[in-house]
Amino acid sequence: MGGGGVREFGAIHRHGLVRVAAATPVVSVADPARNAAATIALARQADADGVDVVVCPELGLSSYAVGDLHLQDALLGEVERAVDTVCEASAELGPVLLVGAPLRRGGRLFNTALVISRGRLLGVVPKVYLPNSREYYEKRWFASGAGQEGLEITVAGRMVPFGPDLVFAARDLSDLVVGVEICEDYWAPVPPSSYAALAGATLLANLSASNIVVGKAAVRAQLSAAQSTRAMAAYVYSAAGTGESTTDLSWDGQGTIHELGDLLAASARFTDGPGLVVADVDLGRVRSERMRTPTFADAARYAGEPARRFRTIGFDHHPHGRDVGLRRPQRRFPFVPDTSERLDLDCYEAFNIQVHGLAQRYRAVSGGRDAVAAGRGRARMVIGVSGGLDSTHALIVAAKACDLLGIDRTTILAYTMPGFATSAGTKANAWALMRALGVEAAEIDIRPAARQLLTDLGHPAAGGAAQYDVTYENVQAGLRTDYLFRLANHHGGFVVGTGDLSELALGWCTYGVGDQMSHYAVNAGVPKTLIQYLIRWTVGSGQFDASTGALLTAILDTEISPELVPADAETGAMQSTQDRIGPYELHDFFLFHILRYGLVPSKVLFLAWAAWRDADAPGWPAGFPGDQRHAYDLATIERWLRDFLVRFFATSQFKRSALPDGPKVSFGGSLSPRGDWRAPSDASAAAWLAELDRGGPEQSR
């Protein structure tokens, strides 16, 4: 798909994203004119790259490490002339520039950040916390910005707002509201940017000098990540680099861009030239996260509603609206980490959440911890095993729960229940797995009961007709669940559910049947894409012996299928779930962004398109096979997104409203009616489809 519609659709501003940069000009010690020129050069580079906000280092126009030269009027006068130069040059540039400079006011000198946009100096923010220990002597030269609220300052003939109580809001880009602090400010127990965020700032900027010593870069990154998490904001940090005086100190030019705790971009350190690290921050996501988190509103109230005492400086940003691509990490599998270290940790946590959740439920059913330990009143775990992904994962979780409880795995009653379309391969896998895990295993052939039920219903398939409709499928699915519940009654046990989060989101489960109903739904918080990685993790981390691991790997290669309809007579192809409802990898992408962040459908479509349109782009989970990497075009993504919206919002909520207990696993959320998702069962999807019609690509209409 090409043409103007797609280009317009691909503009980041249309979807609540803003391009930001941490800039590190090469400074010249105590030479404001050259520093202004270096700042302008990087601002022009950023403008060509479609950047909206550029954050430069602390005292960048004078340079930081000049000691008592800060108190020389000759230098301070040159700084003001440099401010004038930068302002004039910015008139033809798009980015808002945040530049550091020492400025005089009322017989005091302040370490300040200047906010400049399209030729205008919008305001000046002074540093509040002045370090004055070890190598720092800032109180020797500067006054604190504390208590300077509500004031003005004259800089290079321009009278503008001055104080730590300023935020800067673009009138024509609704989510762009900038709060500013300087270096030491975010090392304080309560950084000034916390109050700016509570006053509405979505993008926080730190102009820093911060000399480098061993281990300090990691601490800075931790502080930036923590502040972006705590303040629910994007956070841009820029530290001084090449050119600063090395009389007593050294500098690394660290620049980072964080969003809600996630690192989006980091600069190369210790370079010998200028640096510009760029990323697109999702300020719409920031706003949405604050809106859905009551703690943020409570914090504003307890802080005395900073919005009442902060001054909001409005400005016209004139966003360029061009399609400049998307410059941010974009995971195709948002429920699955994309680094091997994080993947291992998340799989460890997810698997153990399930194991410990099931173990606790077992104790409750069996009379408590002491009763289980003493071997009294033990219940049985009853589970249906098909040889597919979900039941395999539920069974290995149950096996590990038995190990945790210190009870024999024969506590598990596992049943394979072949139906009309059960393949020899999945049945063999089910039996092999049950034997390998040492559970008590049995087989119940449901076909005689299914034929009788079809006969009682007067269904044509009872007489041999190939009418493979929903009744034909659900007769088999329902009988399996009937057997499992009655087996649980008979043996004094409870049914362990196998259905996963992806199936529940789509409603791809039969009401009252094992993928929707059980006594404990151990997989209900795990999406399909993560289940695949959890099984791989159990193999790779040695949770089971080598032969069991090989069997689990073989099961991973099995086509996802309910096996309720016979294979195609001509081709032999089995019934394919994803041919019917679409790729789980796309549906899991849609689910994450809609459930976790409440994003509008057009934005979800844009993000999915950015993630999936190029198979060679980064964003694959660690270890994803290169020969299996693929792409989807925009039309395919939109087709399945529309299907997802109808299924999720309109047709399947009644199944989720009756979900049994089960543990929440992912930060992406759960669909329990007692947890992350409470919704009416008779809602309409019209509003979401209408938004997609309005906000999607022109070619879709």
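## A first look at the chain

The chain holds 23 helices and 19 strands; helices (H or I, at least four residues) and strands (E, at least two) are DSSP runs, numbered from the N terminus. This is a predicted model, in which local features need pLDDT of at least 70 and side-chain atom pairs count only at pLDDT 80 or more, while totals for chains, interfaces and linings use all residues. Residues are numbered from 1 along each chain as its sequence is written, and side-chain values use heavy atoms, with hydrogens and water left out.

### The whole chain

Let us start with the overall picture. Taken along the principal axes, the C-alpha atoms fill a box of roughly 100 × 60 × 45 Å. Of the 701 residues in the chain, 57% are buried. Here buried means under 20% relative accessible area, exposed means over 50%, and partly exposed lies in between (1.4 Å probe, protein chains only).

The accessible surface of the chain comes to about 27,200 Å², and 51% of that belongs to carbon and sulfur atoms. Such areas come from the Shrake-Rupley method with a 1.4 Å probe; for residues, only the protein chains shown count as cover.

Contacts tell us how the sequence folds back on itself. A contact means heavy atoms within 4.5 Å. Among contacts between residues at least 6 apart in sequence, 74% join residues at least 24 apart.

As for charge, the chain has 66 positive and 76 negative side chains, and the centres of the two sets lie 4 Å apart. Lys and Arg count as positive and Asp and Glu as negative, with His and the chain ends not counted. The place of a charge is taken as NZ of Lys, CZ of Arg, CG of Asp or CD of Glu.

An unreviewed UniProt entry annotates residues 18–283 as "domain: CN hydrolase". UniProt positions are given in the numbering used here, feature names are shortened, and annotations may be inferred rather than shown by experiment. The end C-alpha atoms of residues 18–283 lie 7 Å apart, and the span is 22% helix and 32% strand.

The unreviewed entry in UniProt also places the feature "binding site" at Asn474, Glu503, Trp508, Cys509, Thr510, Tyr511 and Lys655. Asn474 sits in helix H14 (residues 470–491). Thr510 belongs to the loop between helix H15 (501–506) and helix H16 (528–540). Leaving out residues up to four places away in sequence, Thr510 touches Asn474, Ala477, Asp515 and Gln516.

### Strands and hairpins

Now follow strand E3 (residues 96–105), where Arg105 is found. E3 is mostly covered, with 8 of its 10 residues buried. Strand E2 (residues 53–55) runs parallel to E3 and is joined to it by 3 bridges; strands count as paired if DSSP finds at least two bridges between them. In this pairing, Val54 has Leu97 in E3 as its bridge partner.

E3 also runs antiparallel to strand E4 (residues 108–117), with 9 bridges joining them. Val99 stands opposite Leu114 in E4. E3 and E4 form a hairpin with 2 residues between them, and Gly106 in the turn has a positive phi of about 55°.

Another hairpin, also with 2 residues between its strands, is made by E6 and E7; in its turn, Ala156 has a positive phi of about 50°. Strand E6 (residues 151–155) and strand E7 (residues 158–162) pair in the antiparallel sense over 5 bridges, and Val155 stands opposite Arg158 in E7.

Arg105 in turn contacts Phe110, Gln148, Leu151, Glu152, Ile153 and Phe162, leaving aside its neighbours within four places in sequence. The C-alpha atoms of Arg105 and Glu244, 139 residues apart along the chain, are separated by 26 Å.

Ala30, in the loop between strand E1 (17–24) and helix H2 (32–48), has a positive phi near 60° although it is not glycine. Met232 lies in the loop between helix H5 (216–230) and strand E11 (234–238), and its phi is also positive, at about 50°. Glu289 in helix H6 (residues 283–291) touches Met232, Leu260, Arg596 and Tyr597, not counting residues up to four places away in sequence.

| Residue | Relative accessible area | Class |
|---|---|---|
| Ala30 | 29% | partly exposed |
| Arg105 | 24% | partly exposed |
| Met232 | 12% | buried |
| Glu289 | 10% | buried |
| Asn474 | 28% | partly exposed |
| Thr510 | 18% | buried |
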